[in-house]
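I opened this one to jot down what I could look up residue by residue. My notes run from the overall fold to single contacts.

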Amino acid sequence: MELLEGEVSAAVRKRTPGRKIRKKGTTGSYKAVKQAKKADKKAAKAIKKGEHGRITPGNAKKIIGVAKVVGPVIAPFALHAVSVARERYERMRARRLGVPVDELGSFTGRGAALHARIASDAGALGELREQSASTEEAVVAERYAERTAKRLEQLTSAVRAAERMPAQRRRSAHRAVDAELGQIEDDLLTRFGVARSRR
């Protein structure tokens, strides 16, 4: 015997009194919709109070509470990470300047690379004096070293003075010092018996 459409719906209602019939697989989306509505209500309430997007005393207390718990745990790791990063940065700077890490503090400012080159050239002059075999070579090397050492002192003063100059003038002063250092280094290499490669 066939049931009419009205009789079927009445029979279903009897079996599920007071419950809504949901299709299979809709519970997840139902919960998401419910949570979204709840978040919207909360945001609307905060906007109504004028607290949306601002730090309130309640929010501040929550943040401080979290910081008190998480801070002591994270602080040692953060300090270690900062010290490792600092050490790597100093090693990189020292390698770029061509000086040992413990001497890095001597070469500061925008002319640090030039100061490092001047110090290196001054050291090379000392080695040139020591390497002279005969007395005649020693006299020539000594004269050259004295003359060049004075010039290196002048270049050091020029680099220091350029630190206080406007950027454009400082750059041009640094270029001039760089060119003179290039000539001194070429001359030193020649005196050490190293032929300069022509490009």
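Predicted model: local features only at pLDDT ≥ 70, side-chain atom pairs only at ≥ 80, totals over all residues.

Below are my entries, in the order I took them.

**Entry 1: overall**

I started with the secondary structure: the protein chain has six helices and zero strands. Reading along the sequence, I get the pattern α-α-α-α-α-α.

Next I looked up burial. Of the 199 residues of the protein chain, 16% count as buried. The accessible surface comes to about 16300 Å², and carbon and sulfur atoms own 56% of that. I also checked how far contacts reach along the sequence. Among contacts between residues at least 6 apart, 56% join residues at least 24 apart.

**Entry 2: helix α3**

How far apart are the end C-alpha atoms of α3? I get only 51 Å for this helix of 41 residues (57–97), short of the 60 Å that a straight helix would reach at 1.5 Å a residue. I then went looking for a bend and found one of about 50 degrees at G71. A proline, P72, follows within four residues of that bend.

I also checked what comes just after α3. There G98 takes a positive phi of about 80 degrees.

**Entry 3: a nonpolar patch**

Which residues form a nonpolar patch on the surface? I wrote down V66, V69, V70, V73, I74 and F77, with about 580 Å² of accessible area together. V66 sits in helix α3, and at 52% relative accessibility V66 counts as exposed; the cut-off for exposed is over 50%.

Which residues of α4 are buried? My list reads A112, L114, H115, A116, I118, D121, A124, L125 and L128. I looked up what covers them, and the cover includes α3, α5 and α6.

I took A116 as my example from that list. A116 lies in helix α4 and counts as buried at 3% relative accessibility, where the cut-off is under 20%. Setting aside neighbours within four places in sequence, I find A116 in contact with L97, V99 and F107. I also noted the C-alpha separation between A116 and S106: 8.6 Å, for two residues ten apart along the chain.

**Entry 4: salt bridges between helices**

How many salt bridges does the structure hold? I have seven in my notes, and I followed up some of them.

I went to R117 and E185, which form a salt bridge with the closest N and O atoms 2.9 Å apart. R117 lies in helix α4 (residues 112–131) and E185 in helix α6 (residues 167–191), so the pair ties together parts that are 68 residues apart in sequence. R117 is partly exposed, at a relative accessible area of 23%. E185 is also listed as partly exposed, at 21% relative accessibility. I see a network here as well: R117, D178 and E185 are linked by salt bridges.

Then I looked up E180 and R151. Their salt bridge has its closest N and O atoms 2.4 Å apart. E180 lies in helix α6 and R151 in helix α5 (residues 135–162), so this pair ties together parts that are 29 residues apart in sequence. I have E180 as partly exposed, with a relative accessible area of 27%. R151 counts as partly exposed at 29%.

What separates R191 and D187 in helix α6? They are four residues apart, so I put the separation at about one helical turn. For accessibility, I noted R191 as partly exposed with a relative accessible area of 36%. D187 is partly exposed as well, at 29%.

Technical notes. Residues numbered from 1 in each chain as written. Heavy atoms only, no water. Helix = DSSP H or I, 4+ residues; strand = E, 2+ residues; numbered from the N terminus. Expected span 1.5 Å × (residues − 1). Bend = angle between axes of the 7 residues up to and from the residue. Salt bridge = Lys/Arg side-chain N within 4 Å of Asp/Glu carboxyl O. Buried < 20%, exposed > 50% of the residue type's maximum accessible area, 1.4 Å probe, protein only. Patch = residues over 30% accessible without salt bridge, like charges linked within 9 Å, V, L, I, M, F, W, Y side chains within 5 Å. Areas by Shrake-Rupley, 256 points an atom, 1.4 Å probe, with all protein chains shown as cover. Contact = heavy atoms within 4.5 Å.
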